[in-house]
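Hi everyone, thanks for coming.

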Amino acid sequence: MIEESQNCFEKFLQGHDLRPDLRGAVYAVIARYGRSTELEKLIQLYRNSPLQEEKVRVLRALTRFQDPVAIKRVLKFALSSDVRYQDTYIILGGFGSNAAARRSAWDFNQSNFKILRGRYEGGSVSMLGHILEGSVCSFNHAADLKEVKNFLKKNPVPGIERTMKQSIEMIRSNIRWGRFGSKDAALWLARHKSS
């Protein structure tokens, strides 16, 4: 799958056809197993595309990088003039579902909170809610919960209280699952291992 995706991607960059319904998956594989070279190719593809739908595909794929250097570059790219304000959340919130990037994205969002707040606090405050929610809702440790709660207490944003309350509850749920659900899954697997 990886090699096939790489071949399809390289051919596509050379002008061959790649079905639109496969592009997102191919881009995600390229990012997942890529580094700086692949990042540059994806960003160039993003910049050269006249279609917003294609740009969104690329932005979603960028959140799949595992390489720490690429992750940092993607985070900076999210706040660049290349990315429309209404699309920034795709990266900054999307990295929350990537275990390799989650912490970096949350740290980045906290460090750049004044910029984010300035962009979205007016009529687009829900975008800020999406960014914060996406970047924290996969956390699953008590220390993360405490950190997020403290950050939100120090940086209240009118209009996203409900979204952030739901995010806090999701983290609590993830912590409970980690304590109890993983034990149940291990027991189930042990029972069915010999079957």
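Predicted model: local features only at pLDDT ≥ 70, side-chain atom pairs only at ≥ 80, totals over all residues.

Residues are numbered from 1 along each chain as its sequence is written, and side-chain values use heavy atoms, with hydrogens and water left out.

So, what is the chain built from? There are 11 helices and 0 strands; helices are DSSP runs of H or I with at least four residues, strands are runs of E with at least two, and both are numbered from the N terminus. The C-alpha atoms fill a box of roughly 60 × 50 × 25 Å along the principal axes.

How much of the chain is buried? Of its 195 residues, 41% are. Buried means under 20% relative accessible area, exposed means over 50%, and partly exposed is in between, with a 1.4 Å probe and protein chains only. The chain exposes about 11,200 Å², and carbon and sulfur atoms supply 54% of that; these areas come from the Shrake-Rupley method with a 1.4 Å probe, and for residues only the protein chains shown count as cover.

Now contacts, meaning heavy atoms within 4.5 Å. If you take contacts with a separation of 6 or more, residues 24 or more positions apart account for 69% of them.

On to charges. We have 32 positive and 20 negative side chains, and the centres of the two sets lie 8 Å apart. Lys and Arg count as positive, Asp and Glu as negative, and His and the chain ends are not counted. Each charge is placed at NZ of Lys, CZ of Arg, CG of Asp or CD of Glu.

Next, the aromatic rings. How many aromatic pairs does the structure hold? There are 7. Rings of Phe, Tyr and Trp (its six-membered ring) pair if their centres lie within 6.5 Å; planes under 30 degrees apart are stacked, over 60 edge-to-face, and the rest tilted.

One of the pairs is Trp 106 with Phe 139, edge-to-face, at 6.4 Å centre to centre and 80° between the planes. Trp 106 sits in helix H7 (residues 102-111) and Phe 139 in the loop between helix H9 (125-136) and helix H10 (142-154), so this pair ties together parts 33 residues apart in sequence. Both Trp 106 and Phe 139 are buried.

Then there's Phe 113 with Phe 151: the ring centres are 5.0 Å apart and the planes are at 85°, so that pair is edge-to-face too. Phe 113 is in helix H8 (residues 113-120) and Phe 151 in helix H10, 38 residues apart, so distant parts of the chain are linked. Phe 113 is buried at 4% relative accessible area, and Phe 151 is buried at 9%. Put together, Trp 106, Phe 113, Phe 139 and Phe 151 form one aromatic cluster.

Tyr 120 is in helix H8 and is buried, at 2% relative accessible area. Leaving aside neighbours within four places in sequence, Tyr 120 has contacts that include Tyr 85, Thr 88 and Val 125.

And Asp 144, buried or exposed? Asp 144 is buried, at 11%, in helix H10. Not counting residues up to four places away in sequence, Asp 144 touches Arg 103 and Phe 139.
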